[in-house]
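Subject: Structure handover

Hello,

Here is the structure for your files. Please open it first, then read the notes below it.

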Amino acid sequence: MVCVEQPSAGERMNTHSEVVDRLRGAFQSGVTIPEEFRRTQLTMLRSMISDNEERILKALHQDLAKPKFEAILSEVEIVMNELHHAIANLSHWMKPDYVSKNLATKLDDCFVRREPLGVVLVIGPWNYPLQLLILPMVGAIAAGNCVIIKPSEVSFATECLIADLIPKYLPQDCYTVVRGGSEETKALLQNRFDHIFYTGSQTVARSIVQAASVHLTPVTLELGGKCPCLLYGRLNIVAAAHRLVWSKFFNAGQSCVAPDYVLCSTATRDALIPALKDVLESFYTTEPQKCPDVSRIVSLRHWTRLVELLGKTRGRIVLGGEHDQEDKYIAPTVVVDVAEDDALMAEEIFGPILPIITIESVEKSIAFVNRKEKPLALYVFSDESSVVKMVMENTSSGGFCSNDGIVHMTLPGLPFGGVGGSGWGNYHGRWGFETFSHRRACMLRGWALERLNGLRYPPYSEEKLKWLRWTTSAKNSCSMM
Amino acid sequence: MSREQQLVAQARKAFESGRSRPLEYRIYQLKNLKRLFTERQKEIADAINKDLNRSEVGTQMFETLGLEGEINLIIRKLKEWAAPRPVEKNLMTLSDTVYIQPEPLGVVLIIGAWNYPWAVTIQPLIGAIAAGNAAVVKPSEVCVHTAKVMENLLPLYIDKELYPVVTGGVPETQELLRQRFDHIFYTGNSTVGKIIMEAAAKHLTPVTLELGGKSPCYIDKTCDLSIACRRIAWGKYTNCGQTCIAPDYILCEPSIQDRVIEEVKKSIKGFYTADPKTCPDYGRIINQRHFKRILTLLEDSTVAAGGENDESGCYIAPTVLRDVKPEAKVMQEEIFGPLLPILPISGLDEAIKFINKGEKPLALYVFSSDEKVINRMRDETSSGGFLANDCLVHFSISSLPFGGVGNSGMGCYHGKFSFDQLSHLRGCLVKKLKMEGVNNMRYPPHTPKKLGWARFFILKTADLGWVGRMMLLAVLAAVYIRSTFHTNLEP
């Protein structure tokens, strides 16, 4: 499929403003508000995915050599699931919440309405180029907004595909794809949006917040970080090794919630390495480069970054280490004797390299983790629930999962998002709907009981105040009436 | 190291000691705060009186009563709010524990405003304490006497390392903003709100911004004008109009304008006597700068009532302006003063159009006895909060989220919303290392059959219904039993 050449910078600026204006006009017309309209769009998105599964898999394979299994699970099915969930629950989500009142307001109607924000921008990353673009879009559409989506130019084949498919299934006036690199994104950000949803790196996130502050645009930032994986206490090493390998080397480690590094005692490490070796062989054979279930690094730039890390590390490579530039291949690699200040610990790895740091006690491991930025996910493997509890209660992270990796992301009931350096805000399921909505407090009073209101009017007196206290305190807190 | 740096570092150290986490400690601090309001009522009221000319009863009504109520609510509900919140599971996690665990964020910066200094500075603090955080409190320097009282009294009642008070002006605020916080809670105007958000970008600190705007008030001719105008006058002239959710301006049909003016005048007289300047229940403008600013707004409009002013006391009478045009000075910015402009419009359609041309306000008021009018206004506009047939009172319902949208702010608080806003809601999945057989279907080598199972199981949750779920559960059990007796599913 051939992709069209991009317009010039000047053309882009105009085009962007035109696009935003057009979508704002569509939003103001009210067309995206009715429940039926939103349901129709979500249904069309669902058809878009199911009608084009082969093309999607092909594009993902072109970009990341994603094995069909991984692509289906982590791109197609997870999006379909989110769409099913939204379609099934939309009515419920859109209903107002009636809230409890105090005595003075017993006859009034108090409720919270979820209202759309307007025109929102969703910027997607390259590692799960379909999932991490469409999943937020589902929340935005369900909430009744118009959406501009900006797929990552790094995952080029998927970008082209999305730009081709979206206009065929969704009305262009309400949902538009904008393409390009960092220059185009910068230009796009000069426009005013009612919410910006960004998945990617901390550096870019800072400039997004700065751009958003000009218009007081709220943002959701899904960032990353180094997700620690602690193995302590009594544990089933074989099961742990299976789940650890699966979650680490899925998508060649290019997942924001992949376990970045392992912390365990020397004894555990010595038991873990042969277990990892066995699992790696059973998953990816003894020649992983030839195995169709092994992904590739997305670009030469990232491949070089990772290979340089392998070169700079003062640790010892015990498994893997092979790499091939032409193929952008790096073997699933395990490195031991890694120190806290090693090159592998300086940044989020985002690749198939697993450092193991030996720390004898779980308490010291917790202190180690707490010295670093709060990660997007934190994992602990143990058969002892007291160990799991200790780690959970003494650390902070976006999400937490014990005895497995990544899968907590598949539960639409859990808010998916970071904290501190790993992000701001959350989504998935109803959380996505809420992220892209304004919770408007509504109160409908009647004309009756004006005498009761008299308590609050000047001239003020202690007597009035006493009555006021009584009528407004009842079950809930109050201030002046 | 600057004073601000030191205090923030000390607050962080105190937070890291873990003492703000136990619920008992949080409640203990909040109870002490409540004692402050009762024991030091006189000092608080005196300072407010010097800053805003508010009477002691007025201070209780508009400041401390609400805070006491909030604390009482938290004491009752904190255990429930802080407990793990279970969520829906999928088939693969049926035997696991899945919940959301609210956790403290760390060190929160609270920048207060001067108009209801206790309410808008301490209510976020209450939320921060309830959520288990440390908090640096920066009262507004504009309410000079109250800032001093806060600086003196708070350390006597609550943990002064965990919750330090930092007073000062712009340079001190800027120095604070250079430090790293886990959340910044700001109440004030949009201009400064933008600066705060920009500063927060450096450390990627999330913010809550409680800003303002021009809150419109539409009066439909079908309503009870006498009651409506009384409620509007109360909402407008309380605290001399210096309320972020005061009805900023009125939109109504020309045929009722005279009646509205009459009724508002009547209410003003009823509340503040024929000479509001001598009435203890009528406030003053906070300072000369704002006094001059508000007077300039009068310049190109017609005064229908009031208009008297006295610079020496920062007094501006409760004022009504008639036949105001959209281009008038008084319509170009949030008034935040006792001027009530009336803009005649042809009807609901024009009112909605006019409102939507402006920025989304913090509050929107409509007075009507016609439900259709109320619903249309609500459905065709956007605002932080919406109130029909009264002013301000939605602020007092702690089960309603209080916050803005667009230019009027981001985030919300009050009651449980404060707790959630200043917590991290951590998604937790607690699994065991058992039932490994079931996981086989997701492991490589990938086969079409495994894919079939995985597709079916791992993700399918929605719209299955009870029967569907039971059937899948039965199949899941069968797969588990089968896989524990085989090393791998068949290719």
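One definition first: buried means under 20% relative accessible area, exposed means over 50%, and partly exposed lies in between (1.4 Å probe, protein chains only). This is a predicted model, in which local features need pLDDT of at least 70 and side-chain atom pairs count only at pLDDT 80 or more, while totals for chains, interfaces and linings use all residues. Residues are numbered from 1 along each chain as its sequence is written, chains are lettered from A and ligands numbered from 1 in the order in which they are written, and side-chain values use heavy atoms, with hydrogens and water left out.

**Salt bridges**

A salt bridge here is a side-chain nitrogen of Lys or Arg within 4 Å of a carboxyl oxygen of Asp or Glu. Side chains of opposite charge can pair when their charged atoms come close. Over all chains the count comes to 65 salt bridges.

Start inside chain A. Asp327(A) and Arg296(A) form a salt bridge at 3.0 Å, N to O. This pair links distant parts of the chain, 31 residues apart. Asp327(A) sits in the loop between β11 (323-324) and β12 (329-330) of chain A, and Arg296(A) in the loop between α10 (266-284) and α11 (300-312) of chain A. Helices (H or I, at least four residues) and strands (E, at least two) are DSSP runs, numbered from the N terminus. Asp327(A) is partly exposed, with a relative accessible area of 27%. Arg296(A) counts as buried, at 11% relative accessibility.

**Where chain A meets chain B**

In contact (heavy atoms within 4.5 Å) are 115 residues of chain A and 119 residues of chain B. The two chains bury about 9900 Å² between them, 60% of it on carbon and sulfur atoms. Buried area is the accessible area (1.4 Å probe) that two parts lose on being put together, summed over both. Leu216(A), Trp447(A) and Tyr460(A) supply 10% of the area that chain A buries against chain B, more than any other three residues.

Polar links are there too. Across the interface, 41 residue pairs are in polar contact, both at pLDDT 80 or more. A polar contact is a pair of N or O atoms within 3.5 Å; within protein, one must be able to donate a hydrogen and the other to accept it, and residues adjacent in sequence count only if both atoms are side-chain atoms. On the side of chain A that touches chain B, helix α4 (residues 68-94) of chain A gives the most, with twelve residues.

Between chain A and chain B there are ten salt bridges. Among them is Asp404(A) with Lys431(B), at 3.0 Å, N to O. Asp404(A) lies in the loop between β16 (399-402) and β17 (423-424) of chain A, and Lys431(B) in the loop between β17 (423-430) and α15 (436-439) of chain B, so the pair joins two chains. Both Asp404(A) and Lys431(B) are buried.

Glu450(A) and Arg231(B) also form a salt bridge, at 2.7 Å, N to O. This pair crosses from helix α15 (residues 450-453) of chain A to helix α9 (residues 225-237) of chain B. Glu450(A) and Arg231(B) are both buried. Asp182(B) and Lys374(A) meet at 4.0 Å, N to O. A salt-bridge network links Arg113(A), Glu115(A), Arg440(A), Arg378(B) and Asp379(B).

Strands pair between the chains as well. Strand β18 (residues 437-444) of chain A runs parallel to strand β15 (residues 385-388) of chain B, joined by four bridges. Two strands pair if DSSP finds at least two bridges between them. Met443(A) has Leu387(B) as its bridge partner.

**A sheet in chain A**

Which strands make up the open sheet of chain A, and in what order? There are six, in the order β5-β4-β3-β6-β7-β17, with mixed pairing. The edge strands are β5 (175-177) and β17 of chain A.

Strand β4 (residues 146-150) of chain A is mostly covered, with five of its five residues buried. Cys146(A), Ile148(A) and Lys150(A) point one way, and Val147(A) and Ile149(A) the other. Strand β3 (residues 119-123) of chain A runs parallel to β4(A), over five bridges. Val120(A) stands opposite Val147(A). Strand β7 (residues 219-222) of chain A pairs with β17(A) in the antiparallel sense, over two bridges.

**A threonine to look at**

Thr333(A) is found in strand β13 (residues 333-336) of chain A. Thr333(A) counts as buried, at 0% relative accessibility. The side chain of Thr333(A) reaches the backbone oxygen of Ala331(A) at 2.6 Å. A polar atom of that side chain lies 2.9 Å from the backbone nitrogen of Gly321(A).

Best wishes
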